[in-house]
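User: I am new to this model. Please show me how to read its features.

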Amino acid sequence: MCYSAQIAAAYQKLIRMTGATLSLQEFAALYAHDPGKKRPKTPKAMDDAFRAGASPAELAVWAEVEQWNRAEAAVLKQLGTGL
C-alpha cells in the first residue's frame, strides 16, 4: 500500500474510532506554515494532491506549498553561491 493510501486509511480509521472529522479548512490551517518557524516536513505526494485540487481551499494550500518551495530554493541557491 502506498503512503497516500495509508494516510487515507488511517484517517478513515480515526473517524471510525473517535467520530472526529476535520474539514479541509481546518486541515489547511494546521498544514499552513508559520513564517517564523522552519518549514514543516510534508509528504510530496500530499503536497502534489493539493496542486491537483479543485476547490479554492485546496489551491490555497498549494499556493502556500509553492511559497515554501521558492523560499527553500532561494536559501539553497544562496548557500551554493557562498561556497
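**The pocket and a helix pair**

Analyst: The lining of the largest pocket divides into 12 nonpolar, 2 polar and 1 charged residues. Ala, Val, Leu, Ile, Met, Phe, Trp, Tyr, Cys and Pro count as nonpolar, Asp, Glu, Lys and Arg as charged, and the others, Gly among them, as polar. This is a predicted model, where local features need pLDDT of at least 70, side-chain atom pairs count only at pLDDT 80 or more, and totals for chains, interfaces and linings use all residues. Residues are numbered from 1 along each chain as its sequence is written, and side-chain values use heavy atoms, with hydrogens and water left out.

User: Which residues lie nearest the centre of the largest pocket?

Analyst: Ile7, Phe27, Met46, Ala49 and Phe50 do, out of 15 lining residues. Two or more lining residues come from each of α1 (3–18), α2 (24–31) and α3. α1 gives the most, with 5 residues.

User: How do I read a pair of packed helices?

Analyst: Two packed helices are described by the angle between their axes and the distance between the axes. Here, the axes of α3 (residues 44–51) and α4 (residues 56–81) come within 7 Å and cross at roughly 125°. That makes α3 oblique to α4 (under 35 degrees is roughly parallel, over 145 roughly antiparallel, 65 to 115 roughly perpendicular, and the rest oblique).

User: Which residues of α3 and α4 meet?

Analyst: From α3, Asp47, Phe50 and Arg51 meet Glu58, Leu59, Val61, Trp62 and Val65 of α4 (contact means heavy atoms within 4.5 Å). By class, this contact has 5 nonpolar, no polar and 3 charged residues.

Note on methods: Axes fitted to C-alpha atoms, helices over the stretch in contact; angles between N-to-C directions. Helix = DSSP H or I, 4+ residues; strand = E, 2+ residues; numbered from the N terminus. 1 Å grid on protein atoms, 1.4 Å probe; cavity = no way out; pocket = protein on both sides within 12 Å on 5 of 7 lines; lining within 4 Å.
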